Amino acid sequence: MARGSWKFIAAALVQFLLHLCYSQQASFYTFMEEATSAPTIVHYDYIIIGGGTSGCPLGATLSETSLVLVLERGGSPYGNPNITNISSFAATLSDDSPTSPSQRFVSEDGVINARARVLGGGSALNAGFYSRASPSYVNEAGWDGKLVNQSYEWVEKKVVFEPPMLQWQSAVRDGLLEVGVQPYNGFTYDHINGTKVGGTIFDHDGHRHTAADLLQYADPSRIRVYLHATVQRIVFRVEGNAKPRAYGVIFKDASGVTHTAYLNDEPQNEIILSAGALGSPQLLMLSGIGPVDQLRAHGIDVVIDQPMVGQGMSDNPMNALIVPSPTPVEISLIQVVGIMESGIYIETSSGSGFNYALAGMIHRAIDMLTSEAGLPLLPIEPPSSLDNAAIRAGVILEKIMGPISTGYLELRSTDPDENPAVTFNYFEDPEDLRKCVEGMTTIINVIQSNSFSEFRYPALPVHALINTMMSLPVNLRDRHITGSFSLEQFCIDTVMTIWHYHGGCQVDRVVDRDYKVLGVDALRVIDGSTFNYSPGTNPQATVMMLGRYMGQRILHERLEGMKQ
């Protein structure tokens, strides 16, 4: 056998043995513990702030060769049935207690939203849909296409599944095809115009698999994950005329005790912010990197005047209709998507309150609709129980690509636990509003299609569905009577979030193409805050991929640096 073949076999064997050595059962990670057990001072090669959708795969990858510390401000997703079970999806998002995995915030636009406060980040809270970014998005980002695909596959081996496609989802799929969202692309992770079935992070038993599961790839001897570790700020060293250099992180545990994590004294070592689209710009500002006037107003010592921190905040607006069904429906989250050439995405869920703002109101909506149409009362439980299996209804929604409209984020205080003030400026650009109207028109056509007729009351007009949405407190915005007959006003009045907000630390504005923060050394941002617009139909696949992708890039840079 040729020497090259033996080398290939040996390399494959080493990788297999390393996997056996490293892999741990997700819920029994020996390297995961409460921050209260942390020493007062610790030293690592890489300090990752945020054990979320990007932070977990990033930490797992960097631990292949280096000592890694992951600081997560929330707790573990394991053992929490509201996170694990698909039927409890809305329960986690509606939990606004101080220890909830979901931290509620309301944008200055009056839209109710949530940010993750749990290991695994948004992948522990979302609707589970998994779909890759388009090739054009990858090219525009300047990523290496081959490494991107390998990184997606690395993620998919652990946490992604093909959904079961039952009656409701199949009817919406067929309705989309009937009204012209063609062609049918079958089951695929790829972003292709037409109608498709995408992946899901819920397995066939309805159990969620989060980005935290990717820590199974980690080397347990080289990584430490501290839970309930709230970072206060990043600290910098300034020597002469050199750029400020990040060298440590101050964090508090659940008891309020302060700890400091320092980088080991090697030039390749770095601090990496992966705290999300709210947390990363917020922590940059709290650490002295941001608009100088805002920093001084809060008494923060200025490291760098960087006016673009917190700018370019966007949230893909979502609008929807609740559709009561005369026949039982399955409990399903997002499985099917219609990808329209104009940059509009149509998705659906059934048997449960899709949005936490809707979860407590869906019963009221069905009561109103059936009463208005003179239909028999549907067999549902009272709102206090929210028995998802008893809800005969679904939600069909649309969201738009981009969006073009952008806003900004500002500090409210120097408390890292307090949500910053964020404005998204939904539909400020008329093109976003035009797309919403086109998307809502497509939803109406799907509801009226022959393919969907089994799940539609013939005596219930679409206008009644629109009126019901207008009457529900899905957000804190004003209502206008014209919203009942103007889809433009309907979009503005009933806009909700699908939790795909991004921006605040964008590439070429706050970070460079290697995600290094401009103007300082040893600090990167790797998460959705760097996106100029949301990748694909749903961003979680690309955020997880980015953690793995950049982890490999950083390890390669480290190796090259050591050679030099």
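Modeller: Before we start on this predicted model, a residue is called buried when its relative accessible area is under 20%.

Colleague: Fine, so where does that put C436, buried or exposed?

Modeller: C436 has a relative accessibility of 1%, and because that falls under the 20% cut-off, C436 counts as buried.

Colleague: And which residue does C436 form a disulfide with?

Modeller: C436 is joined to C491, with the two sulfur atoms placed 2.1 Å apart, and the count of disulfides in the model comes to one. The angle about the S-S bond is -95°, which makes the link of C436 and C491 left-handed.

Colleague: Is C491 buried or exposed?

Modeller: C491 counts as buried, because its relative accessibility is 0%.

Colleague: What about C56 and C505, buried or exposed?

Modeller: C56 is buried at 0% relative accessibility, and C505 is likewise buried at 0%.

Colleague: Changing topic, where does S100 lie?

Modeller: S100 is in the loop that runs between α4 (89-94) and β5 (102-106), and with a relative accessible area of 0% S100 is buried.

Colleague: What does the side chain of S100 reach?

Modeller: The S100 side chain reaches the backbone nitrogen of S102, at a distance of 3.0 Å.

Colleague: Which residues does S100 touch, leaving out those up to four places away in sequence?

Modeller: With those sequence neighbours set aside, S100 touches T92, D95 and R117.

Methods. Residues numbered from 1 in each chain as written. Predicted model: local features only at pLDDT ≥ 70, side-chain atom pairs only at ≥ 80, totals over all residues. Heavy atoms only, no water. Disulfide = S-S within 2.5 Å. Buried < 20%, exposed > 50% of the residue type's maximum accessible area, 1.4 Å probe, protein only. Helix = DSSP H or I, 4+ residues; strand = E, 2+ residues; numbered from the N terminus. Polar contact = N/O pair within 3.5 Å; in protein donor to acceptor, adjacent residues only side chain to side chain. Contact = heavy atoms within 4.5 Å.
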